[in-house]
Amino acid sequence: MISIKDVIKTYASRNGDVKAVDKVNLEIEEGEIFGVIGYSGAGKSTLIRMLNGLEIPTEGTINVAGREVSRIKGAELRRARQEISMIFQHFNLLWSRTVAENIAFPLEIAGVAKQEREKKVNELISLVGLDGRGDAYPSQLSGGQKQRVGIARALANNPKVLLCDEATSALDPQTTDSILDLLVDINRRLGLTIVLITHEMHVIRKICHRVAVMEGGKIVESGPVLNVFKNPQQPITKRFVQQVTEPEETKETVEHLLQRYPHGKVVQLTFVGEGAEQPLITNTIRNYPVMVNILQGKITQTQEGAYGTLFIHLDGEEEVSLEAIKYMSSQGVGVEVITNA
Amino acid sequence: MLETFFPNVKLDRMWEATTETLYMTAISVLATFVLGIILGLLLFLTAKGNIWQNRPVNLVISTFVNVFRSIPFIILIVLLIPFTKFIMGTMIGENAALPALIIGAAPFYARMVEIGLREIDKGVIEAARSMGAKTSTVIWKVLLPESMPALVSGITVTAIALVGFTAMAGVIGAGGLGNLAFLEGFQRGRGDVTLFATVVILAIVFVIQFIGDYITSKLDKR
């Protein structure tokens, strides 16, 4: 659906040329939710803007939905943009238009007749759950409702691709989740390919099938979300994964625990996919005469399955403990004995 | 009562002068609105980072606007006498005042239009472009509606300035309340005529301000 080949984007600045995007290659499949994560300035915003021709690559080619968007201009580019719609961090609604009129705007651009426009607008209002708010102005809506209007507007011309530019970054966590649920729903129901950029791993975790991590204009790591979670390679990826798997205070807690339990072992278990759903601790205690004390844990759901970490304190005879650990490793669970650093 | 406080005021003359002033103001406001928006749009669109980014064109319009905005109106009228004679065929009467009024006010308003357009969120323009909007669509459906409150409050201020301009134009023969106040009031030493003309001008200004504020608040859905 989307193919990005050797794309470079340089900007001229006072201190010489700046490479915002540096030799990026990506293939995004039809019907996929693909996430690009990176800190601000990583080039992800420039990258997503090149997918609908708002920015033109300095080098390389970009194909989206059968069109080479990096080359086409004028009327052809405008037609392509009707199939590659976009939602924004700050919603970018027209305040002078009501909800219904905002959603009708792309239909007006596409030259849809008035009667058909009204019908389509009503459908979209229901789809995004804004029934009854059609005559409200954007200033009368909450942030989440505004983004729903943005999504309805983006879907008006039945696009093949939806680009999300930090679409939830201005929303509170609860609203973020409801917008993400809506995106997943749309992805499933309409088979829409979604590309999103974000700096929140939570967003990637919750809805993406695959992820690419961007740093300094380059893609440093990419793959299915669960793989990246299970086995992050780059330091930056590890930091992003920690955002959702480890609560802030974990490190301090672990240090505290090591002091508190001089005997036995503090073990970190990492569950991925199916492993997260089996009664591992119960089986361990039943089979081995060890004491297990659960210290802290978290399970995270992703689109492809669950991912979790659990800290336990294991006490008993040294040999039995080691056997118990060996048993746990054999169950497809990541096991790491934490020692004093 | 009129007899006691304003012995020299003739209501029919006053009414005639008022309609002349209103006529000059109305026509020049209308022309200024259109011309100012065109100039303001050009200033905005040719500026750096916008759709028609074009430095030479921007510089030419900007210079034109700045020059005509800076010339004091009374001098502008005199400077424009040959031009006015050429297109209007006369230097006397309300119509003769119009070219100077419009050329004096349009650049002033163009700057206000430009400021209003610059206040539109760049993201909204980007959103329209991302939907495949043509430049003309962006202008008619985004730029103008989104800046309309600023455009209306700007034309209100300009219209009030134009009432003042018509009074000045009146002094050099364009008719209207300024002409009446100067010729029949000041030069003949009839202070009451000047005072009455002033009151009428004030009334016109207040009405314009009221209408402008009302429309602005109705338009502004932010």
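Into which domains is chain A divided? Chain A has a domain 1, covering 2-244, and a domain 2, covering 246-338. Please keep in mind as we walk through the structure that this is a predicted model.

Let's begin with how these two parts of chain A sit relative to one another. Taken over C-alpha atoms, the centres of domain 1 of chain A and domain 2 of chain A are separated by 38 Å. Where they touch, domain 1 of chain A contributes 11 residues and domain 2 of chain A contributes nine residues. On the domain 1 side of this contact, at least two residues come from each of helix H7 (201-207), helix H8 (225-230) and helix H9 (235-245) of chain A. H8(A) supplies the largest share of that side, with four residues. In terms of residue class, the domain 1 side that touches domain 2 of chain A holds seven nonpolar, two polar and two charged residues.

Staying with chain A, let's turn to a pair of helices. Two packed helices are described by the angle between their axes and the distance between the axes. For H3(A) and helix H4 (residues 114-127) of chain A, the angle is about 120 degrees and the axes lie 9 Å apart. An angle of 65 to 115 degrees would count as roughly perpendicular and one over 145 as roughly antiparallel, so H3(A) and H4(A) are oblique to each other. The crossing in which H3(A) passes H4(A) is right-handed.

Between chain A and chain B, 19 residues of chain A are in contact with 19 residues of chain B. On the chain A side, the elements giving two or more residues are helix H2 (74-83), strand E6 (84-88) and helix H3 (99-109) of chain A. H2(A) gives the most to this side, with four residues. The side of chain A that touches chain B is made up of nine nonpolar, seven polar and three charged residues.

Is Ser96(A) buried or exposed? A residue is buried if 20 or more other C-beta atoms lie within 10 Å of its own, and Ser96(A) counts as buried because it has 22 C-beta neighbours inside 10 Å. Leaving aside residues up to four places away in sequence, Ser96(A) touches Pro145(B), Glu146(B), Met148(B) and Lys221(B). Elsewhere in chain A, Tyr307(A) is 211 residues away from Ser96(A) along the chain, and 45 Å separate their C-alpha atoms.

The C-alpha atoms of chain B fill a box of roughly 70 × 40 × 25 Å along the principal axes. Of the 222 residues in chain B, 40% are buried. Among the contacts in chain B with a separation of 6 or more, 69% are between residues 24 or more positions apart.

In one pair, the axes of helix H6 (residues 94-118) of chain B and helix H8 (residues 135-174) of chain B come within 8 Å and cross at roughly 150 degrees. H6(B) is therefore roughly antiparallel to H8(B). Their crossing is right-handed. The contact of H6(B) with H8(B) has 19 nonpolar, six polar and one charged residues.

The other pair is helix H2 (residues 11-45) of chain B with helix H9 (residues 176-186) of chain B, which pack at an angle of about 135 degrees with their axes 6 Å apart. That angle makes H2(B) oblique to H9(B). Here Arg13(B), Ala17(B), Thr18(B), Glu20(B), Thr21(B) and Met24(B) in H2(B) meet Gly176(B), Leu177(B), Asn179(B) and Leu180(B) in H9(B). By class, the contact of H2(B) with H9(B) has four nonpolar, four polar and two charged residues.

How values were computed: Residues are numbered from 1 along each chain as its sequence is written. Chains are lettered from A and ligands numbered from 1 in the order in which they are written. This is a predicted model: local features need pLDDT of at least 70, side-chain atom pairs count only at pLDDT 80 or more; totals for chains, interfaces and linings use all residues. Two residues are in contact if their C-beta atoms, placed from the backbone, lie within 7 Å. Ala, Val, Leu, Ile, Met, Phe, Trp, Tyr, Cys and Pro count as nonpolar, Asp, Glu, Lys and Arg as charged, and the others, Gly among them, as polar. A residue is buried if 20 or more other C-beta atoms lie within 10 Å of its own, exposed if 12 or fewer, and partly exposed in between; C-beta atoms are placed from the backbone. Axes are lines fitted to C-alpha atoms, for helices over the stretch in contact, and angles run from 0 to 180 degrees between N-to-C directions. Angles under 35 degrees count as roughly parallel, over 145 as roughly antiparallel, 65 to 115 as roughly perpendicular and the rest as oblique. A crossing is left-handed if the near helix is turned anticlockwise from the far one by less than a right angle, and right-handed if clockwise. Domain bounds come from an automatic or database domain assignment.
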